[in-house]
Amino acid sequence: AAALIRKLWDQNQSAHGQVIVAEQQTAGRGQHGRAWESPLGGLYMSVILEDLPVMLRDKLALFAGVAVARTLVQDGVTQVGLRWPNDITLADKKVAGILCESLAMGNRWAGILGIGINVNTQLSDLSADVRRLATSLAAHTGKTHKEPAFACQILARIIELLNETREQGLPALIARARGFDSLNGKSVEVQDGD
């Protein structure tokens, strides 16, 4: 996605709205440089957004998380949670991760919403360490889902949420996130560095 942005900018074109989708990743990245396991059956996508209000630029993970959580709920999925800053959970097990990056060149700016979702992922394809913390949409609902259709639903929610945030402001986005907050009322421990 970053290479595509640079290429399009070098050609004086916009990268806004470009989407890259993979069925599998061999070098998926998670937060803090951790590996993200990306076997077949998942949906791995990067969405490039240039036309964003400045107030959203440092809230991309929250924005993408709300869009994915909303997609799940509108698809009839239950026990959907948003675990700050970048996990989407089903019954407290991680089903999706968000990793956002941005690029700037002169007065140009672009955000990349990296979204990885265990849609039809076989839990047996995940390492033992990941398997005890993760789930898939298929394992949670007991049914198979079409990854391309699910990707389209997420894109529709991103557009919808972007329009709502432009109209209603950042407090509305924060309120939506709080509605999915899986840590609300729980004790948390924060580790900073070592």
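This is a predicted model: local features need pLDDT of at least 70, side-chain atom pairs count only at pLDDT 80 or more; totals for chains, interfaces and linings use all residues.
1. Read from the N terminus on, the elements of the protein follow the order α-β-β-α-β-β-β-β-α-α-α-α, which amounts to six helices and six strands.

2. As to overall dimensions, the C-alpha trace spans about 45 × 40 × 35 Å along its principal axes. A compact globule of 194 residues would have a radius of gyration near 16 Å, and the protein, at 17 Å, agrees with that expectation. Of the 194 residues, 43% count as buried. Where contacts join residues at least 6 apart in sequence, 64% of them link residues that are at least 24 apart.

3. The packing of two helices deserves a separate look, namely α2, made of residues 60-74, and α6, made of residues 170-180, whose axes come within 10 Å and cross at roughly 55°.

4. Which residues in α2 and α6 meet? On the α2 side they are Leu62, Phe63, Val66, Ala69, Arg70 and Val73, and on the α6 side they are Leu173, Ile174, Arg176, Ala177 and Phe180. Sorted by class, the contact of α2 with α6 has nine nonpolar and two charged residues, with no polar ones.

5. Is threonine 135 buried or exposed? Its relative accessible area is 9%, and since buried means under 20%, threonine 135 is buried. Once its neighbours within four places in sequence are left aside, threonine 135 is in contact with Leu90, Lys93, Lys94, Val95, Asn118, Leu123 and His140.

6. Arginine 131, by contrast in setting, has its place in helix α3. With a relative accessible area of 33%, arginine 131 is partly exposed, because that value lies between the 20% limit for buried and the 50% limit for exposed. Leaving aside neighbours within four places in sequence, arginine 131 is in contact with Lys93, Leu123, Ser124 and Leu126; Lys93 and Leu123 are also among the contacts of threonine 135. Asparagine 86 is 45 residues away from arginine 131 along the chain, and the C-alpha atoms of the two are separated by 18 Å.

Conventions: Residues are numbered from 1 along each chain as its sequence is written. Side-chain values use heavy atoms; hydrogens and water are left out. Axes are lines fitted to C-alpha atoms, for helices over the stretch in contact, and angles run from 0 to 180 degrees between N-to-C directions. Helices (H or I, at least four residues) and strands (E, at least two) are DSSP runs, numbered from the N terminus. Contact means heavy atoms within 4.5 Å. Ala, Val, Leu, Ile, Met, Phe, Trp, Tyr, Cys and Pro count as nonpolar, Asp, Glu, Lys and Arg as charged, and the others, Gly among them, as polar. The radius of gyration is taken over C-alpha atoms; the globule rule is 2.2 Å times the number of residues to the power 0.38. Buried means under 20% relative accessible area, exposed over 50%, partly exposed in between (1.4 Å probe, protein chains only).
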